[in-house]
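Let's walk through this structure together, from the whole chain down to a single residue.

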Amino acid sequence: MKFYSTNNKDLRVGFEEAVFNSMPADKGLYMPEHIPRLDAQFISKIDQHSLPDIAFRVASALLGDDIAPEALRELVTDAINFDAPLVPLDQHTAVLELFHGPSLAFKDFGARFMSRVMGHYLREGQKQLDVLVATSGDTGGAVALGFLGVPGTRVTILFPRGKVSPIQELQLVTNGQNIRAIEVEGTFDDCQALVKQAFADPELNAQLRLTSANSINIARLIPQTFYYFHAYAQVRRAGGTEIVFSVPSGNFGNIGAGLLAMKMGLPVKGFVAATNLNDTVPRFLESGVYEARPSVQTYANAMDVGAPSNWVRIMDLFGGDLEAVRRVVHPARFSDAETVRAMAELADRYDYIACPHTAIAWLGAEQFRKEQPGDYHCVFLSTAHPCKFPEVFSAELAARISTPEQLNSLAGREGKAFAMPADFNAFKTFLTASE
Ligand SMILES: *Cc1c(COP(=O)(O)O)cnc(C)c1O
C-alpha cells in the first residue's frame, strides 16, 4: 500500500517511510491511496473470528504485502495481546472496554502496534532510533510501555511536572530499560515545544535518528480499526445487526479509525462524535464553519483539544463533502457538570464505574437514542480505566473503582525522572550527552 499526503495526492510513499516520517513535509497527513473493502463473506461470518484474527485480516487488507503475512500475523498477535470486551448495560446499550492493555487506556492499541512496526523495520547494525514524545498523561504511558524492551529503540518522554495524575506519573517514570522520563518545569505546551524544536534542529538530526510517536502517525490509526470490527462481531454474537458507535473524541484519531473501518465495509448506522466543551468539530458540523480555538481544561482532560489534528483525515475519507460527513457523524458536547452527573447515573443505574471520557461517550449514545429511537445497538467506547482519574470521582464512587492487575505491578516500583527547566539547550545537552 502506498500512502499520500492529504495536502498533495501526487506525493506517495511506502508504509515504512510513512511510519518513520510520521508527517509529510507539506504538513498534511498520510492516508492510504485506496481504501480496501474487506471480503463480504468474512464480514458476514465475523462473529466466528477472534480479535487477533480480525486484526490480522484488517491489517493485511490495509498493508497488502508491505509486511510478509507470517511476520504480520506475529506482529499483530504480539501487539494486540489483550481483549476489548463488549459489556452489555441493557438490551440495546453496551460499552466497548478498550482499557485492558498495559497502560489502561485505548492508546495501547496504537502505541503497541506502531512500536512493533518500527521494530520490524529496524535492521541490525542500524543507528538506534530515538523516539521523542511529549505527553499530558495517557500518550506517554502507552508509548513507553509500547516500546519497552523493543531492541534498537530509545524513548525519551517529556511531561509537565505535577500536571499528570499519580498513576500516569508512575507509568512514565518506573520503566527503566530503554525508557527515560524528563519532568519539565513548565506546561504540556512547553514539553511539546521542546520536542518540536528538537525535530527542527539540524545538529541534533545529524547526530541522532529522531522519530516522533505522536497520534497522527498512520501506524497508530490502523490498529484502532481492529476493535470496531471486533465490536461488530460481539454485537452479532448477541443477536444484533445494526450499530451506532459513540466515540469520546479529542484529536479525532479514534473516531477517524471507526470511519475508516466503515469505508472498509463494516456495516454501521452512524457515529456520535462526543466531545467535552472543546467542541470545534461539533460546532463545525452544526454551522459549517471550521474555527479552532485554544483548548479549555475539563475533567475529561485527554480530550482537551481545540484543534483536532486528525479531522483532515476524516474530511479526506469523505472526499471533502461536509454533507456526506453529516449523514454519518452526529455531534454531541457535554459540560463537566453533565459528565459528573453521568458518572453518578451510570453507577446508580447499572453499577458501572466509568472514567469521565467514557461517561461523555455514554451521554452521546443517550442523546442519539432520544433523537432517533429504534431497534439498533448503541456501543459507546470506554477509552480509559477509571482508576487513572480518581480525583474526578466523589469519595463514594472512588471507593467503588476496581484495582486492575496492571496497577499492582506498579506499586512499590522505583521511579526516576530527570528534572529539567523548559529550556532547549538543556534538552539538547541531555539528548547528546547520553548517546
Ligand atoms: C486520547 C484519549 C481520548 C481521545 O481520543 P482521540 O483519538 O484523540 O479522539 C479519549 N479518551 C482517553 C482516555 C484518551 O486517552
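How many helices and strands are there in the protein chain? There are 19 helices and 14 strands, where helices (H or I, at least four residues) and strands (E, at least two) are DSSP runs numbered from the N terminus. The radius of gyration, taken over C-alpha atoms, is 21 Å, close to the 22 Å that the globule rule gives for 435 residues, so the protein chain is as compact as a globular protein of that length. That rule is 2.2 Å times the number of residues to the power 0.38.

Before going further, please keep in mind that this is a predicted model, in which local features need pLDDT of at least 70 and side-chain atom pairs count only at pLDDT 80 or more, while totals for chains, interfaces and linings use all residues. Residues are numbered from 1 along each chain as its sequence is written, and side-chain values use heavy atoms, leaving out hydrogens and water.

Along its principal axes, the C-alpha trace spans about 60 × 50 × 40 Å. Of the 435 residues, 58% are buried (under 20% relative accessible area, with a 1.4 Å probe and protein chains only).

Now turn to helix α5, residues 107–121. From first C-alpha to last it reaches 22 Å, close to the 21 Å expected (1.5 Å times one less than its number of residues). Helix α5 is mostly covered, with 13 of its 15 residues buried.

Finally, look at D201, in the loop between α8 (188–200) and α9 (202–207). D201 is buried, with a relative accessible area of 11%. Leaving aside residues up to four places away in sequence, D201 touches F424 and K428 (contact means heavy atoms within 4.5 Å).

Methods:
Buried < 20%, exposed > 50% of the residue type's maximum accessible area, 1.4 Å probe, protein only.
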